[in-house]
Amino acid sequence: MAQALVDLLRDTFKEAVLSSHSHRGDEVVVVRRESVQEICRFLKDGEARMQLLRYIACVDLLTYDTEMTGGGALASNEVPAYDLAKKAPREPRFQLGYNVYSVVRKQSVRLRVELRSDDVKVPTVTSVWRTADWWERYLFDMFGIDFIGHPNLKRILMYPEFQGHPLRKDYPTRKRQPLVAELEFPDLIRGPGPGPGGAGVPMSQTHVGRKNVDPTTYD
Amino acid sequence: MTEHHDDPLALEADLPSSLMTVNLGPSHPAMHGTVRLVVTLDGETIVDAVPEIGFLHRGFTKSSEASTWHQVLPYTDRLNYVSPILNNVGYIMGVEKLIGIECTERAKYLRVLGGEISRICDHLTCISAIGLELGAFTVFLYGVEARELLWDRIAEWTGARVTTSWTRVGGVATDLPPGFVERLRECLPRVMELTHEIDVLLSRNRIFYDRTRGIGVIDGDEALDWGFTGPCLRACGVNYDVRKAHPYLVYDRMDFEVPLGERGDTYDRYILRLREIEQSHRIILQCLDQIPPGPIIIDDWRYALPPKKDVFGSIEGVMAHFKLIMEGMMVPAGEVYVYTEGANGELGFHIVSNGTGKPYTVQVRGPGFPILSALPRLIKGHAVADIIPIFDSINMIGGEVEQ
């Protein structure tokens, strides 16, 4: 049933549909970035009746091949935990996944748009689904994806003064950007700010042999 | 001067008037915590509203990427903190979909049972809050008493009232404790009695009816356009419930109905939640009747922790335990979007694995996020006092909206 929809898309947009596959029951159609608006409009208004845009996901593939198992190096607040030099990062780096659904036909499909890291622009689909407004603002906030034509593209969860985009894989997990200066916490296992080991010291080592100090003496 | 007094309308026309901006929240008792609403008023009428969120942003996705697959579970508790079991189930079903396994038969029933208890708690919270904020404090007390009864059952079952972290890949963490079924059967009639009390107190109450009927109306097509799901969408008459449209776990074996609204207003959203409590009650009773004996978690040491007897008694057991704890289970590479029916709508998880012991990314579609984005649309043209019932009826939960 879902295959018919993929075939329909392939027939209607011969140029724009790059490939399609299915994984664990999810139908994925990779489309050209320029035609995403047109295809979304077709999906919503055409016979597919995809009236519901469930979610727009974004995956940053920067460390997809290099990130490894095991805790540890994430304690660093200076450098990312992984060795970027080991392998060339993937290009296109970003994958947007538009999960759309038809309440009438009970079908879903995921449109995937791939973006290179030097050109993270994609046309907005706010004119197709109103709900795309906030999801696109969310992706702009978290990944820095530039949605061309969005009526109000500004940060949604982070504060306006925030620098960078926190869900990009090269944004360190423990980096902090306080608006008012934080108190000096010299030590806490997972407390705010950098651990005592500083950059590159695994989290597992920062509290090994830690003196049993009275927490009230901190200030 | 005198001619103005002859015509009162002309007098009014001369009064200076301008738009006024009012801040509602983030620390406003009716804002449920963390939303700030910048409202532009013309007199009493709302002409514009801008919701601002992010005060409760905890970095769910970023934290999840630094955790093993099972360490994400406590973060999911905090998404919708009123019905955490539904979040646990939604997330863990995503991981199981990536791996390509299913949980045991008994665990399926347990998940449905826990999920429906949580759904009742969530709806009770929403309804009680509407009552409370419209001045019916009694309703709130009834609702909270019923919710406490259920949360006590969840506490003795999972070990925690709200931060349950109760599911595991391939099953669940704890089986029903001795005597649980009897106690649940004892407290359910009281829960339904209290729900009925709320029903008769509010549903035909003149003041409540006037303040909610015809307020915040939205029709089905527009609601879909805004990304509504769950009770808010069904209040507009659109029949979309994941439990019926794409039955997961054992929902296909349950006999229940999907109540629908007609007008899509605040009253419909309220009454629909009441009706859904009754349906969840039906599902719970059927679960208790049908639940089979058997293991609560699969016997596959690649994903599930070995029993303690094996951990302490065999080298294979201790190795499996060590690997699962230190490295996490190895989930095959892939990308899935998994959706379940949360208490407020479709709860989606977009999960990507690169084949290691940590999720490459876990992103959540909180059902409240798109619904909150439509709040300006719902309250425009109404009076300031109408913000409270409309905002309550969409039951925005800060934890899932702001991640």
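In what order do the strands of the open sheet of chain A run, and how many form it? The model is predicted: local features need pLDDT of at least 70, side-chain atom pairs count only at pLDDT 80 or more, and totals for chains, interfaces and linings use all residues. Residues are numbered from 1 along each chain as its sequence is written, while chains are lettered from A and ligands numbered from 1 in the order in which they are written.

**View 1. The open sheet of chain A has 5 strands in the order 1-2-5-4-3.** Its pairing is mixed. Helices (H or I, at least four residues) and strands (E, at least two) are DSSP runs, numbered from the N terminus. Two strands pair if DSSP finds at least two bridges between them. At the edges are strand 1 (17–23) and strand 3 (52–60) of chain A, each pairing on one side only. Neighbouring strands are turned by 20° against each other on average, direction ignored. Angles run from 0 to 180 degrees between N-to-C directions, and axes are lines fitted to C-alpha atoms, for helices over the stretch in contact.

View 2. A:F94 has A:L115 of strand 5 as its bridge partner. Contact between two residues requires C-beta atoms, placed from the backbone, within 7 Å.

**View 3. Helix 7 (residues 137–158) and helix 8 (residues 180–202) of chain B cross at roughly 165°.** Their axes come within 9 Å. That angle makes helix 7 of chain B roughly antiparallel to helix 8 of chain B. Angles under 35 degrees count as roughly parallel, over 145 as roughly antiparallel, 65 to 115 as roughly perpendicular and the rest as oblique. The crossing is left-handed: the near helix is turned anticlockwise from the far one by less than a right angle. The helix 7 side includes B:L149, B:L150 and B:W157, and the helix 8 side includes B:F180, B:L194 and B:I198. By class, the contact has 14 nonpolar, 3 polar and 6 charged residues. Ala, Val, Leu, Ile, Met, Phe, Trp, Tyr, Cys and Pro count as nonpolar, Asp, Glu, Lys and Arg as charged, and the others, Gly among them, as polar.

**View 4. Chain B touches chain A through 41 of its residues, against 32 residues of chain A.** Several elements of chain B each supply at least two residues, including helix 5 (84–99), strand 7 (346–353) and helix 16 (368–373). Strand 6 of chain B gives the most, with 5 residues. The chain B side divides into 15 nonpolar, 17 polar and 9 charged residues.
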